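Please keep the sequence and the model in view while reading.

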Amino acid sequence: GCALVLGPSQATLGLLGAQCANVGREEPLRRRTVSMAINGLVSLGFFFLGWYTAPYSWLIPPLITAMTFTTVWVWHALMVGPPGPTNTVFAGAYGTYMASTHSSALETIVSVNSLAFLFAALTSIALIAWHPNSPAREAIATAEAAVAKYEASFDKPQYERGPQRSAAYSAVNEAWYTLRSARTANERPHTAASRQLGLQSESFPAQNQATGSHFLRTPLGRPRPSYLLRRAFHKGSRPWLTAVRALIAVLLATTSMFFSPTAHTSWAVLSALIVLQNGTSRMDMSVRALHRVVGTSLGLISALAIMTLGLEPWTKLVIIFACLLGMNLTAKRNYAVAVFFITTYSMQMLPPTAHYSTSLLFADRLLETLVGATTALLAIWLVGRHAPILLVRRQYRAVLRAITAVLDDAAHAELDTLAASTHRRNLAFELSQSGTVLAG
């Protein structure tokens, strides 16, 4: 769309804007629209903050670090989901980079990325609107598969059935959340297909399809955002651990700009965040850091070859589309290959009027990738060494608090109130999270 409106040479500048619209891709239309709007505004605000902070180099490390901690913590606390907070934080780092290298291109960069975000957002909304029940159907299919897998494990030892049971419980919980978040609590589904989905999910297995008063008693779904934020504020929570690791890695990466010959750290911030954003095990993140370095090195060679060929802008766009397709097909199979595609297309984000040599540009990218991966590894292995124990203890206390609230409701015969329903939902949520924490 940007290529048709502004020309192919300017269209590549909008890649970041298009990626910022790729939020909430597993959510129903209502929630995805809200998620995209919020993420777009926050990313734009971060870009402006980075742009106007660029002349004051001493302000860049604390600014980008504050953006990182806040965004990563809120993202994981509210369980926003894929693709993670990396692009949102990178918007700030990208602003500092572009201000220092292309100080006269502010209007062009903002307009192109805003247009790209608009095109991507409208496209995703149109695709979901065409198949409005697809997120709910996918979530229910996932839950059914998880339950079937658990049922198939009945003849196995208890230590093998436990993880399957936890996975099934969490999948059913998420399916309910996806289904109910597609509309407001009192809104009746508009189509027969959506009514059928709701009818099946709001019924108990041993009862008929008339749910009656059982609807309020169904203790499934995610708690309110205020509850999720409060539980994530505890020291032993996963969002807190992930955010602290990201804070340390990004602070080290941005501070290294004072010792870098190019003084650009946007790529280092991106590399560190991509390694850390999933909050998986130390070994998995360490392998991810290695893949990041290897994939980036090969991707830089590929991007250099594309630049030296002097291809037409439309040909470059075709290569970008091919790289995006390759990234999505390989991201879950081999991260190094995915990074190869990511690096190849992301190097096309630079304006055509670069002020520096190609060799310096690629050396800068490789150096910043090494810095980002190294700082991420330091954060992984130095912070949260006792994280598994802390996570289990925190989750154990959260379950006890939730049980206490439910028992208090029962003791006071207040089981049919909205507050009691909320307490049961919180308990069901904490139990599902317990399985996730123990399995991790």
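A residue counts as buried when its relative accessible area is under 20%, as exposed when that area is over 50%, and as partly exposed in between. Arg231, at 12% relative accessibility, is therefore a buried residue. The model discussed here is predicted. The protein chain contains 20 helices and zero strands.

**Overall picture**

- The protein chain has 440 residues, and 48% of them count as buried.
- Of the contacts between residues at least 6 apart in sequence, 77% join residues at least 24 apart.
- The accessible surface of the protein chain is about 22000 Å², and carbon and sulfur atoms account for 67% of that surface.

**Salt bridges**

- How many salt bridges does the structure hold? The count is two.
- One of them joins the side chains of Arg231 and Glu430, with a distance of 3.0 Å from N to O.
- This pair links distant parts of the chain, since Arg231 belongs to helix H12 (residues 225-232) and Glu430 to helix H20 (residues 418-439), 199 residues apart.
- Glu430 has a relative accessible area of 0%, so this residue is buried.
- Glu430 also forms a salt bridge with Arg394, where the closest N and O atoms are 4.0 Å apart.
- Arg394 counts as buried, at 4% relative accessibility.
- Through shared partners, the salt bridges join Arg231, Arg394 and Glu430 into one network.

**Aromatic pairs**

- A pair of aromatic rings is described by two values, the distance of the centres and the angle of the planes.
- The structure has 10 aromatic pairs.
- In the pair of Phe47 and Trp51, the ring centres are 5.9 Å apart and the planes stand at 40°, so the pair is tilted.
- Why are Phe47 and Trp51 separated by about one helical turn? The reason is that they are four residues apart in helix H4 (residues 29-53).
- Are Phe47 and Trp51 buried or exposed? Phe47 is buried, with a relative accessible area of 6%, and Trp51 is buried at 8%.
- Phe233 and Trp240 form an edge-to-face pair, with 5.7 Å from centre to centre and 75° between the planes.
- Phe233 has a relative accessible area of 57% and is therefore exposed, whereas Trp240, at 24%, is partly exposed.
- Ring pairs also link Phe47, Phe48, Trp51, Tyr52, Phe90 and Tyr94 into a cluster.

**A nonpolar patch on the surface**

- Which residues form the nonpolar patch on the surface? They are Leu4, Val5, Leu6, Phe119 and Trp314, and together they have about 530 Å² of accessible area.
- Helix H1 (residues 2-6) supplies the largest share of the patch, namely three residues.
- Leu4 lies in helix H1. With a relative accessible area of 73%, Leu4 is exposed.

How values were computed. Residues numbered from 1 in each chain as written. Predicted model: local features only at pLDDT ≥ 70, side-chain atom pairs only at ≥ 80, totals over all residues. Heavy atoms only, no water. Helix = DSSP H or I, 4+ residues; strand = E, 2+ residues; numbered from the N terminus. Buried < 20%, exposed > 50% of the residue type's maximum accessible area, 1.4 Å probe, protein only. Contact = heavy atoms within 4.5 Å. Areas by Shrake-Rupley, 256 points an atom, 1.4 Å probe, with all protein chains shown as cover. Phe/Tyr/Trp six-rings, centres within 6.5 Å; stacked < 30°, edge-to-face > 60°. Patch = residues over 30% accessible without salt bridge, like charges linked within 9 Å, V, L, I, M, F, W, Y side chains within 5 Å.
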